[in-house]
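Here is a quick tour for anyone meeting this structure for the first time. Have a look at the chain, then read on.

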Amino acid sequence: MSEEIEENVRAHEKYLGGLFYGREEARAEAEAEIAEVKAEADQRLKETQTLIVKNLLNKNMTDLEIMEITNISKEELDNIKKELK
């Protein structure tokens, strides 16, 4: 009888371990998916910001005006200008 109880306890521990592992695995997958979606959104935001800066440059706005409007740094603005050349 004692062996049967021990076997049931081991089976139950294995079952609970599987549940925990499954949750951890699911959480890791969800976090990876969230990170991927965030990276894609950040990329789209950067592309939109670059397009806005290019349009403002085409309107002959000053660097200072563009930096104030878009809240980008001088370095970022210079990098976008390099793309236009």
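Let's start with Glu40, which sits in helix H1, spanning residues 2-58. Keep in mind that this is a predicted model. Glu40 is partly exposed, with a relative accessible area of 40%. Together with Glu25, Glu29, Glu33 and Glu36, Glu40 makes up a patch of negative charge on the surface.

Helix H1 also holds Leu19, and this residue is partly exposed at 35% relative accessibility.

Now for the salt bridges. How many salt bridges are there? The count comes to 7, and the table shows some of them.

| Pair | Closest N to O |
|---|---|
| Lys46 and Glu76 | 3.6 Å |
| Lys81 and Asp63 | 2.7 Å |

Take the Lys46 and Glu76 salt bridge. Lys46 belongs to helix H1 and Glu76 to helix H3 (residues 74-84), so the pair ties together parts 30 residues apart in sequence. As for the salt bridge between Lys81 and Asp63, Lys81 is in helix H3 and Asp63 in helix H2, 18 residues apart. Asp63 and Lys81 are also linked with Lys74 and Asp78 in a network of salt bridges.

Last stop: Thr70, in helix H2 (residues 63-70). Is Thr70 buried or exposed? Thr70 is buried, because its relative accessible area is 13%. Beyond its neighbours within four places in sequence, Thr70 is in contact with Gln49, Ile52, Val53 and Leu56.

Methods:
Residues numbered from 1 in each chain as written. Predicted model: local features only at pLDDT ≥ 70, side-chain atom pairs only at ≥ 80, totals over all residues. Heavy atoms only, no water. Patch = residues over 30% accessible without salt bridge, like charges linked within 9 Å, V, L, I, M, F, W, Y side chains within 5 Å. Areas by Shrake-Rupley, 256 points an atom, 1.4 Å probe, with all protein chains shown as cover. Salt bridge = Lys/Arg side-chain N within 4 Å of Asp/Glu carboxyl O. Lys, Arg positive; Asp, Glu negative; His and termini not counted. Charge placed at Lys NZ, Arg CZ, Asp CG, Glu CD. Helix = DSSP H or I, 4+ residues; strand = E, 2+ residues; numbered from the N terminus. Buried < 20%, exposed > 50% of the residue type's maximum accessible area, 1.4 Å probe, protein only. Contact = heavy atoms within 4.5 Å.
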